[in-house]
Amino acid sequence: MTNQPGSANNATNRRALMKAGLAATGTVAVGAALSAAGLAPLAEAASSGLTRGDAAILRFLAALEILEADLWQQYNELGGVQDREVPGGSGSAGYTAAIQVLDTDMPQYIHDNTEDEISHFTFLNAYLMAKGAEPVDLKQFRTLKGSQATGAQKDTMRLTNLLQLTVDTSYWTRYRSRTQNPDPPFNDTFPPAIPGLLKGQFPAIPRTDDDLKGFVPGNPPTIPDHLQAIANTAGFHFGFIEQGGSSLYPALAQRVSSPEVLRILLSIGPTETMHFQTWHDKAGNALPLTDPTNGLMFPNLNAPPFGGEDFQTNLIMPEPTVFLNRKFPKVSIIRPTETRGAAMGALKALTDDGLFIGQSKEFFAVLSELARAADAAEPRD
Ligand SMILES: [Fe+2]
Ligand SMILES: [Fe+2]
């Protein structure tokens, strides 16, 4: 990030705007809001205990954790455990039964993942404030209508959309490859495990009670294929989200200056990987089926034309692969971990996922600026 001539005055104004929550609307205000997010770190560099780079990284991570918490909250209201740790919603018997086909412990795992994300953004914001830096607040962007199915908090406005997702499941083959790596100098690409999830927009939670039609509670319950397909979509989406966090923390850790901020990233990041490993395992239990309402197909990943080590459902630990240079022996690693453009890449992946369908221009402007600032961070900046 470079300081621009004459920006000192503006920085004060922009900081004030940011404090006001970027509440103003209109073209001029959007520009000002955008600058506010970017210039706040400059203003803080002198007064806070953080370098501007560290503040920018922590702020971007806090924003993503707020978004993650928002999406997990929606899953928890319908398919998790609703309690004092993760309040809100009253559960959907049909959705919960469909999710439990992947593992009977799914409600507990969904609850715990949700609680973890809440703790992540709460901690990051508290740390920013303790260091005299601006925390992240996305409240003004809670504008999306969520599920209207019984069990959801129907009137709660959301930051993220789980009703029209396009889920990239290439993480599946990326972690199984023994010869390829998404990072430079290899820049390999990977086929999705569930090609259909990239070819449309699919709900990962019931949109209304119509999505639960045909469900009959019992032992075993009757779960129609459409409802099971929604639960399967969620199962693969969980893995998509958490593998993203597994990569983002090590990617950004390479740009951190302070040992304590590095410790924060190295302590939170691996919890994302613990989530990913769990979801990677559970997604493998998704039943092969075709959703009769939209043709979305979940193939049997253990049979041709799938099958083999690239798709085998119990092969959930990373296969050793090439890293840095082919002259080195293959090694089991998180992938990708390239630091250049990591924040913007994470934002693009979530956008392509459909999570922000319906969000405002201002939302994208603020998130892009937070990502740009984090990517511009340099150690000892
Ligand atoms: Fe997190
Ligand atoms: Fe996460």
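Axes here are lines fitted to C-alpha atoms, for helices over the stretch in contact, and angles run from 0 to 180 degrees between N-to-C directions. Helices (H or I, at least four residues) and strands (E, at least two) are DSSP runs, numbered from the N terminus. This is a predicted model: local features need pLDDT of at least 70, side-chain atom pairs count only at pLDDT 80 or more, and totals for chains, interfaces and linings use all residues. Residues are numbered from 1 along each chain as its sequence is written, while chains are lettered from A and ligands numbered from 1 in the order in which they are written.

**Whole chain**

Show the cartoon. The chain has ten helices and four strands. Their order along the sequence is α-α-α-α-α-β-β-α-α-α-β-β-α-α. Of its 381 residues, 49% are buried (20 or more other C-beta atoms within 10 Å of the residue's own; 12 or fewer is exposed, in between is partly exposed; C-beta atoms are placed from the backbone).

**Helices α3 and α5**

Select 52-79 for α3 and 106-130 for α5. These helices pack at about 150 degrees, with axes 8 Å apart. That makes α3 roughly antiparallel to α5 (angles over 145 degrees; under 35 is roughly parallel, 65 to 115 roughly perpendicular, the rest oblique). The α3/α5 contact holds 16 nonpolar, eight polar and four charged residues. Nonpolar means Ala, Val, Leu, Ile, Met, Phe, Trp, Tyr, Cys and Pro; charged means Asp, Glu, Lys and Arg; the others, Gly among them, are polar.

**Helices α7 and α9**

Now select 225-253 for α7 and 342-352 for α9. Their axes come within 9 Å and cross at roughly 165 degrees. So α7 is roughly antiparallel to α9. Which residues meet? Gly244, Leu248, Ala251 and Leu252 in α7 meet Ala342, Ala343, Ala346 and Ala349 in α9. By class, that contact has seven nonpolar residues, one polar and no charged ones.

**The core**

The largest nonpolar core has 91 residues. Such a core is a set of buried Ala, Val, Leu, Ile, Met, Phe, Trp, Tyr and Cys residues joined through C-beta atoms within 7 Å. Select Phe60, Leu252 and Ala374, the residues with the most contacts inside this core. Helix α3 gives the largest share, 16 residues. Stay on Ala374. Leaving out residues up to four places away in sequence, Ala374 touches Ala56, Ile57, Phe60, Leu252 and Ala343 (contact: C-beta atoms, placed from the backbone, within 7 Å).

**Phe276**

Go to α8, residues 259-283, and pick Phe276. Buried or exposed? Phe276 is buried, because 24 other C-beta atoms lie within 10 Å. Beyond four places in sequence, Phe276 touches Gly239, Glu242, Gln243 and Ser246.

**Loop backbone**

Select Pro220, in the loop between α6 and α7. The peptide bond from Asn219 to Pro220 is cis, with omega near 5 degrees. In that loop also pick Asn187. Asn187 is not a glycine, but its phi is positive, about 55 degrees. Asn187 counts as exposed, with 11 C-beta neighbours inside 10 Å.

Finish in the loop between β4 (297-298) and α9, at Pro336. The Arg335 to Pro336 peptide bond is cis, with omega near 0 degrees. Leu324 lies in the loop between β4 and α9 too. Its phi is positive, near 65 degrees. Leu324 counts as partly exposed, with 13 C-beta neighbours inside 10 Å.

Terms used. Contact = placed C-beta atoms within 7 Å.
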